[in-house]
Amino acid sequence: MTSAPLVHLFLGLLLAPLLLGVINRTKAFFAGRRGPPVLQLYWDLAKLLRKGAVYSQTTTWVFQAGPVVGLAAVLAALALIPFGGAAAPLHFNGDLLLLAYVLGLMRFFTVVAALDTGSSFEGMGASREVQFAALAEPALLLALAAAARKAGSLSLSGILPAAVPLSPELALAAGALVIVFLCENSRVPFDDPNTHLELTMIHEVMVLDHSGPDLALILYSAALKLWVLGALIVGMLVPTVAGVPWVANTVIGLAGMLLLAVVVGVVESVTARVRLVRVPHLLAAAGALAALAFVLVLR
Amino acid sequence: MTILMLALLLLLLSGVAAFLLRSRPTAASVAGAAGPVAAAMLALVPALTVLRGGEVLSTELPWAMPFGRFCVQLDALSALFILPILGLSALGAVYGIEYLRPYIGKYSIGSSWLCYNLLVASMVLVCLARNALLFLLAWELMAFSSFFLVAFENRRKEVRNAAWTYLVATHIGTAFLLPMFLSFGQAAGSLDFAQFAGCLGPAQAGVCFVLAVIGFGTKAGIMPLHVWLPEAHPAAPSHVSAVMSGVMLKTGIYGLVRVLSFLVATPGAPPAWWGWLLLIVGAVSGILGVLFALAQHDLKRLLAYHSVENIGIIILGLGVGLIGLSAGAPVVAALGFAGGLLHVVNHAVFKGLLFLGAGSVLHAVHTREIDHLGGLLRRMPLTGLTFLTGAVAISGLPPLNGFISEFLIYAGAFQGTVNGAAPVAAPLVLVILALALIGGLAVACFTKAFGIVFLGEPRGAAAAAAHESGRLMTVPMLLLAGACLAGGLLAPFLLPALATAVAPLAGAAAIAPLQTAGPLLVWVSGISAGVLLAALLFAAWKRWLLTGRDVRRAVTWDCGYAAPSPRMQYTASSFAQPLTDFFEVLLRTRKHMRLPDVHFPTAANIETETPDVSRESLYAPLFNATGRVLSRVRVMQSGCIQVYVLYLVLTLLVLLIWKL
């Protein structure tokens with residue numbers, strides 16, 4: 001049992017880029033294309049890490065600090081997230097707050113790194129990012145509060161493994177989390193990772209000027225963030241089986257993650273992006289779902 | 001206690017010395033700054049001893065004043081406030097020596113130092129006083145000395161207006177404190193604080209609670225009583241803004257907490273509505289504070305609104321504590337109070353730092369207009385680095401101190417939300433919501449403030465020609481930035497001190513639950529340190545990867561446009577626009593636009609301003625109405641001396657008849 005958290009941490013580090021491959025393959029399937037290889041992001045990372053870099057003359061050390069702080073922060077988040085019914089490598093009462101706020105630290109540095117270029121495109125992306133994040137934050141914490149009350153624990157490692165699948169409260173909270181997940185990871189309907197027009201981008205445009213190893217760190221951090229928030233949803237919705245070796249639960253958890261990736265791919269294939277001015281409404285809906293979940297738990 | 005009295009005396013002496021040396025401004029600055037520094041060093045020992053659980057110090061000096069006694073006491077609560085007061089004042093004083101230099105010959109430096117020292121001394125006395133009369137006298141001395149400090153640049157009209165607004169607002173607050181202290185005095189039969197605890201009946205206690213919230217809240221700057229804050233802070237010299245925003249507002253919190261400690265001793269107190277009231281006040285101040293900050297174009301005004309936000313967070317913490325007390329949940333109470341009080345200290349550190357940083361920018365560029373700045377990190381590396389530290393800290397992000405106090409308040413709220421009954425969980429989940437929204441908006445606001453001011457290219461010639469300030473200004477900022485980091489990484493060691501300070505509010509029962517929070521803070525600080533270390537390691541790794549490779553410099557990607565200019569950068573107003581538009585109902589931003597209307601437009605512009613809603617729709621109508629009513633009285637002022645003589649005779653006659 002003791003090795004489970006470390007194995008899960010390692011799995012997260014190893015498999016996070018795979019999720020994006022699965023999402024892209026699903027989208028390709030819906031579009032009738034062959035699509036890029038499932039392991040494409042791994043090849044991209046390997047190639048970027050071997051490259052040199054081009055920095056804008058305008059930028060300072062803040063620009064270079066963005067990717068490294070982002071990776072350090074998301075690694076802390078990964079260490080706090082439980083997986084497959086086992087506790088996280090690091091867990092304590094209140095770790096859910098630290099999870100939310102290290103992701104906030106990552107966002108802060110991504111945004112200031114974007115502003116460091118002085119580009120209007122990146123300023124625009126940064127402005128949208130902080131707006132959506134500010135509105136997503138209450139929904140995230142409210143959903144976590146509902147789940148925490150349901151489980152009677154203040155630690156993610158107490159909340160997720162105790163999650164009862166198919167309970168209406170958790171389903172609502174998970175619904176809110178799915179919206180937050182799509183928003184925070186810049187997926188359709190909030191952002192389109194495939195867009196080629198700088199004016200319409202959010203996350204992609206903030207990292208427009210990063211290149212080489214910096215870009216590799218950013219892409220890998222984004223994959224890890226997808227994994228962390230995905231594990232939160234999977235942990236709430238996918239049941240863990242008692243009385244079997246932990247490896248079995250790990251496999252169930254992995255299957256859940258892959259299923260989530262497929263679902264994201266399907267969502268991206270069948271829905272269009274909402275207009276930017278409508279995004280806050282969607283996030284308010286997430287808040288409403290989370291509030292409803294909380295009221296149900298309170299009852 | 002003798003040491004503290006000596007510190008007060010030193011402050012007075014140094015202030016007077018600076019005043020006497022006013023014809024030689026440089027000497028006056030040194031003499032004026034020496035007092036706060038010496039006082040801070042002197043007071044460090046007794047304050048720390050008391051906070052570490054040492055004996056409470058008290059003394060009484062002879063004072064011939066009816067109902068007044070000069071009794072002073074240093075307990076853990078006072079010590080918790082005195083430490084940041086003296087610490088920040090000392091650093092502000094050192095900073096002020098250099099900051100005031102350009103004003104030599106234009107304004108009186110010596111008088112400014114006299115007021116500065118009086119302000120510091122009166123703040124310390126407010127925290128030490130144990131007699132209502134002494135407290136109020138110190139309170140008024142504080143108001144007047146800070147009034148003169150705000151009015152430093154008295155030849156500018158907007159500065160004079162700001163100072164008058166401040167003076168009026170602060171006295172409205174005091175007007176609510178007088179009846180409160182009087183009802184305490186009447187019930188206790190004495191104006192000594194020692195007799196106040198639990199002397200009131202439940203109904204009276206409720207009234208006094210509301211009076212205290214309004215009276216002390218005006219000083220602390222809660223919405224909608226905050227009108228003076230966004231006026232006075234930008235008008236004052238920056239080291240004074242730092243002291244006023246960082247610690248003077250906190251004397252309002254101190255007063256509220258002190259009075260609460262009397263009130264919670266009332267049998268049956270506190271009723272649940274006290275907690276609710278504080279939660280609502282805190283949430284409104286917090287959310288509206290940060291929203292108005294987001295809409296500002298003036299760097300110091302933005303910081304002033306952030307003080308409103310942080311006071312909101314502190315009040316939320318106190319509210320969580322009261323809810324915990326009334327529900328009989330000592331863990332919730334202890335965490336809420338401890339978080340609120342720790343945020344008092346933390347806010348003093350990072351808001352002091354940010355105001356000093358803004359002052360450094362003002363010193364170099366001579367404008368506070370955010371949209372005229374840019375690219376200052378290259379030109380002012382130390383100011384930039386420390387401002388970034390303050391920005392991360394005030395956004396409540398790990399690994400810095402702001403996260404620790406917010407974590408404690410959150411932890412208290414979550415504790416009650418998860419384990420409490422519905423009447424406890426319902427208000428506390430509102431705290432979680434409010435804190436989450438405030439946190440998200442604060443990130444938006446400070447990425448804007450730091451990003452637009454310090455990053456990118458300069459948006460004007462003045463910003464391009466900026467230079468770093470001298471050591472007297474940068475060293476205090478570096479020390480405060482260090483304190484932000486220390487407060488985040490050494491948080492577990494602060495808990496015992498907090499426990500002693502919280503005891504008068506939450507009772508001795510609070511100490512045990514707070515100690516259970518110790519291991520949590522060890523985790524938080526440990527992981528924060530890990531994040532910091534990992535970031536440094538990754539940075540080193542990246543540097544190692546790039547050695548020997550092709551690393552080039554080029555222009556920022558601009559979609560292939562051939563002639564990028566600094567004017568094409570995103571501005572602070574456009575950065576904040578999506579959020580200010582979304583919350584338009586609350587902000588009522590005014591837009592003046594000239595849209596491009598022909599096929600080949602030559603000129604178009606947009607101007608936005610966000611006036612204070614509370615000033616425009618609460619204070620202005622109120623004062624205008626008062627003015628109209630009182631102007632009728634003017635009929636009596638005919639200017640004719642015979643009529644005045646008639647008034648005198650009539651008054652005498654009435655008095656004679658009345659006494660007959």
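This is a predicted model: local features need pLDDT of at least 70, side-chain atom pairs count only at pLDDT 80 or more; totals for chains, interfaces and linings use all residues.
Which residues of α4(A) meet α5(A)? They are Leu96(A), Ala100(A), Arg107(A), Val111(A), Ala114(A) and Leu115(A). Their counterparts in α5(A) include Glu122(A), Gly123(A), Gly125(A), Leu140(A), Leu144(A) and Ala148(A). Sorted by class, this contact of α4(A) with α5(A) holds 12 nonpolar, two polar and three charged residues.

Now turn to the place where the two chains touch. Chain B gives 66 residues to the contact, and chain A gives 64 residues. On the side of chain B that touches chain A, the elements giving two or more residues are the helices α13 (376-379), α15 (401-419), α16 (422-454), α20 (511-546) and α21 (572-582), along with strand β3 (551-554). The largest share of that side comes from α16(B), with 16 residues. By class, the side of chain B that touches chain A divides into 46 nonpolar, 12 polar and eight charged residues.

In the parallel sense, β3(B) pairs with strand β1 (residues 53-56) of chain A over four bridges. To find the pairing on your screen, pick out Ala53(A), whose bridge partner in β3(B) is Val551(B).

Technical notes
Residues are numbered from 1 along each chain as its sequence is written. Chains are lettered from A and ligands numbered from 1 in the order in which they are written. Two residues are in contact if their C-beta atoms, placed from the backbone, lie within 7 Å. Ala, Val, Leu, Ile, Met, Phe, Trp, Tyr, Cys and Pro count as nonpolar, Asp, Glu, Lys and Arg as charged, and the others, Gly among them, as polar. Two strands pair if DSSP finds at least two bridges between them.
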